[in-house]
Amino acid sequence: MNLIKVFFITAGLTLTANAVNAQQKIGNVNSDDVFANLSEVKTAAAAIDNLTKTKQTEVEKLISEYQTKLKAAQDKEKTLSQANKEAVTKELMAAQTELEALGKKIEETRAQAAKEIGAKQTELYTPLQQKVKGAIAAVAKERGLNYVFDTSSQDANNLVYTDGSEDITAQVKTKLGATATPAKAKGK
């Protein structure tokens with residue numbers, strides 16, 4: 001009889017120890033808030049804004065040139081008379097070809113600008129995103145967390161309740177040296 005009691009007590013203690021070990025610590029972080037408060041992100045955003053403005057200026061210059069040439073062709077068309085019909089028609093055809101080429105150049109410049117801006121964003125933001133991800137992992141390990149949910153986009157991860165988890169956003173910001181402005185409350 002004593003052997004059975006010892007067996008049940010041992011089994012109970014083993015199951016209790018396993019249950020305690022099985023508890024998972026959960027935390028949450030707002031990665032958008034962390035990312036937005038990094039000084040490097042502000043620097044990268046300024047660089048991308050400057051590139052965008054430069055490319056926009058290039059496109060606007062081409063558009064202005066297009067509009068000038070179009071107006072000149074329209075004005076030339078007004079001078080069309082029976083006497084100069086052949087010469088003006090040739091000039092108008094040449095102007096139309098030039099306008100079509102310029103229109104194509106505008107579209108190509110726009111596409112190239114978008115491609116360059118996208119590449120610059122990837123070049124500048126990818127290392128910063130990896131830095132944030134590394135800091136989140138480091139803080140989670142320091143705090144003994146098994147899982148960390150990103151609350152920056154609750155619709156994407158279906159996180160609907162965070163009261164029972166530990167918010168590590170402030171610690172991640174501190175680890176990265178980011179400014180500690182509070183995140184704006186999301187309304188649902």
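Glu116 is partly exposed, at 28% relative accessible area. Buried means under 20% relative accessible area, exposed means over 50%, and partly exposed lies in between (1.4 Å probe, protein chains only). The model is predicted: local features need pLDDT of at least 70, side-chain atom pairs count only at pLDDT 80 or more, and totals for chains, interfaces and linings use all residues. Residues are numbered from 1 along each chain as its sequence is written, and side-chain values use heavy atoms, with hydrogens and water left out.

**Salt bridges**

Glu116 pairs with Lys55 in a salt bridge, with 2.6 Å between the closest N and O atoms. Glu116 sits in helix H4 and Lys55 in helix H3, so this pair ties together parts 61 residues apart in sequence. Lys55 is buried, with a relative accessible area of 13%. The structure holds 10 salt bridges. The criterion is a side-chain nitrogen of Lys or Arg within 4 Å of a carboxyl oxygen of Asp or Glu.

Three of these pairs are listed here.

| Salt bridge | Closest N and O atoms |
|---|---|
| Glu116 and Lys55 | 2.6 Å |
| Glu65 and Lys69 | 3.4 Å |
| Lys120 and Glu123 | 3.6 Å |

Glu65 and Lys69 both lie in helix H3, four residues apart, about one turn of the helix. Glu65 is partly exposed at 32% relative accessibility. Lys69 is also partly exposed, at 28%. Lys120 and Glu123 both belong to helix H4 and stand three residues apart, about one turn of the helix. Lys120 is partly exposed, with a relative accessible area of 28%. Salt bridges with shared partners join Lys55, Glu58 and Glu116 into one network.

**Fold**

The protein chain has six helices and three strands. Their order from the N terminus is α-β-α-α-α-β-α-β-α. Elements are DSSP runs, numbered from the N terminus: helices are H or I with at least four residues, strands are E with at least two. The chain has 188 residues, of which 23% count as buried. Among contacts between residues at least 6 apart in sequence, 85% join residues at least 24 apart. Contact means heavy atoms within 4.5 Å.

**Nonpolar core**

The largest nonpolar core has 20 residues. Such a core is a set of buried Ala, Val, Leu, Ile, Met, Phe, Trp, Tyr and Cys residues joined through side-chain atoms within 4.5 Å. Tyr125, Val132, Ile168, Val172 and Leu176 have the most contacts inside this core. Helix H2 (31-36), H3, H4 and helix H6 (169-176) each give two or more residues to this core. H4 gives the most, with eight residues. Leaving aside neighbours within four places in sequence, Tyr125 is in contact with Phe35, Val41, Ala44, Ala45 and Ile48.

**Largest pocket**

The largest pocket holds about 170 Å³ of space. On a 1 Å grid over the protein atoms alone, where a 1.4 Å probe fits, a pocket is an open set of points with protein on both sides within 12 Å along at least five of seven lines; lining residues have an atom within 4 Å of a point. Grid points are joined across faces, edges and corners, and the volume is the space filled by probe spheres set on the points.

The lining is formed by Tyr66, Ala73, Gln74, Glu77, Leu80, Leu92, Ala95, Gln96, Leu99 and Glu100. Helix H3 (39-78) and helix H4 (85-143) are the elements that give two or more residues to this lining. H4 gives the most, with five residues. The lining divides into six nonpolar, two polar and two charged residues. Here Ala, Val, Leu, Ile, Met, Phe, Trp, Tyr, Cys and Pro count as nonpolar, Asp, Glu, Lys and Arg as charged, and the others, Gly among them, as polar.
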